[in-house]
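These are my notebook entries on one structure, written up in the order in which I looked things up.

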Amino acid sequence: MNKIRIGVVGCGGIANGKHLPAEKRNPASELVAFCDIIEERAVRAKEKYGTEDSAVYTDYKEMLKDKSIDAVLVCTPNCSHCEITVAALDAGKHVLCEKPMAMNYAEAKQMLAARDRSGKVLTIGYQNRFRNDSMYLKQLADKDFFGEVYYAEAIAIRRRAVPTWGVFIDQEKQGGGPLIDIGTHALDLTLFAMNNYEPAYCVGKTFHKLNKKTQTGNIWGDWDTERFTAEDSAFGFVVMKNGAVIYLKSSWALNMADPREAITTICGDKAGADMLDGLRINTVLEGKQVMIKPDLSSGAVAFFEGTGGGNPEDLESACFTNAIQGKGKLYVTADQAAVVTHILEGIYKSEETGKPYYFED
């Protein structure tokens, strides 16, 4: 089968750190177009990951006119995810959009509608699902090993690791801070393990306690106090329609000695699991409490045909191209990602109003 011809919109950090290397390793894909509002970045990306024939653009709308492009990677700030994804789908392209899916649920629904009318593949970049521990946890959950999961924690806590580059700390362009940036990964993992995408209501609280601090001890250097308009920490309590609850904790900078990021804890009526010290399965055998630590060093738990490597981003890339070629199903569906976006928005809305946010749609 011919290779999937891919164009990328946004040639910054996430493209170079994750998507472009993975697509370069994927034997089923070919990077044929690079677009960035800063032309030099697109040129550098082409030189490193493309071919002599690869095209360079500064306007994604011009790139989408190329009918030979099969799929598009959207690697831009959150504020443009919806606009570019909808345009790409309407232009007949399959899309892998970086997380979070959108700034809010209304935008996410626009993206779902564009997918439905185009008939194209749409997935979202939640690569943490493709980690060995995450896939093994999901396999156990799907076999009902944990029973009814009624309590979970979604954890994305850094001590002093505020991203100082790009627009991460810009509330207007990103829609939020750590909650929408890294909390989204933890929430996605948690909902996926629970197989529960029906929230009833949530209560949220965000904090701007450290934005104006200097001499911060931040691992990437002090942040610009004028630009840091997003929250530095956010917490949410989510109640699902079946009564299950999720405690979501996210922060870029919390004075905490033992930070953890992109992990989940789930507790069911049969067993539970956490990722506090690697993946640990917590259960009872013959009347005794038992903790099991699976050996996940033998390689990927789930096999995705055609991968160019064993990293989560390689599995994500292979899953995307396989779905386009009709060789497999998406591991991350846009419908699931839309629920993640809706809950994140609900936590922010609860902070704004001081009241619980009810999910009516």
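I began with a definition: a residue is called buried under 20% relative accessible area, exposed over 50%, and partly exposed in between, using a 1.4 Å probe and protein chains only. The model is a predicted one, where local features need pLDDT of at least 70, side-chain atom pairs count only at pLDDT 80 or more, and totals for chains, interfaces and linings use all residues. Residues are numbered from 1 along each chain as its sequence is written, and side-chain values use heavy atoms, with hydrogens and water left out.

Entry on Y201. I looked up Y201 and found a relative accessible area of 31%, so Y201 counts as partly exposed. Y201 sits in strand β8, residues 199–207, where helices (H or I, at least four residues) and strands (E, at least two) are DSSP runs numbered from the N terminus.

Entry on helix α4. How many of the 10 residues of α4 are buried? I counted seven in this helix, which spans residues 81–90, and they are H81, C82, I84, T85, V86, A88 and L89. These buried residues pack against several elements, among them β1 (4–9), β5 (94–98) and α5 (105–118), where contact means heavy atoms within 4.5 Å. Just after α4, I noted that G92 has a positive phi of about 85°.

Entry on R227. I found R227 in the loop between β8 and β9 (233–240), and R227 is partly exposed because its relative accessibility is 33%. Apart from neighbours within four places in sequence, R227 touches T164, G166, V167, I169 and D170. I also checked R227 against K48: they are 179 residues apart in sequence, and their C-alpha atoms are 31 Å apart in space.

Entry on salt bridges. Side chains of opposite charge can pair when their charged atoms come close. A salt bridge here is a side-chain nitrogen of Lys or Arg within 4 Å of a carboxyl oxygen of Asp or Glu, and a search of the whole structure gave me 21 of them. One of these joins E98 and K18, at 2.7 Å from N to O. That pair links distant parts of the chain, with E98 in strand β5 and K18 in helix α1, 80 residues apart. E98 is buried because its relative accessibility is 3%, and K18 is buried because its relative accessible area is 5%. I then looked at R115 and D116, whose side chains form a salt bridge at 2.9 Å, N to O. Is R115 buried or exposed? At 15% relative accessible area R115 is buried, whereas D116, at 53%, is exposed.
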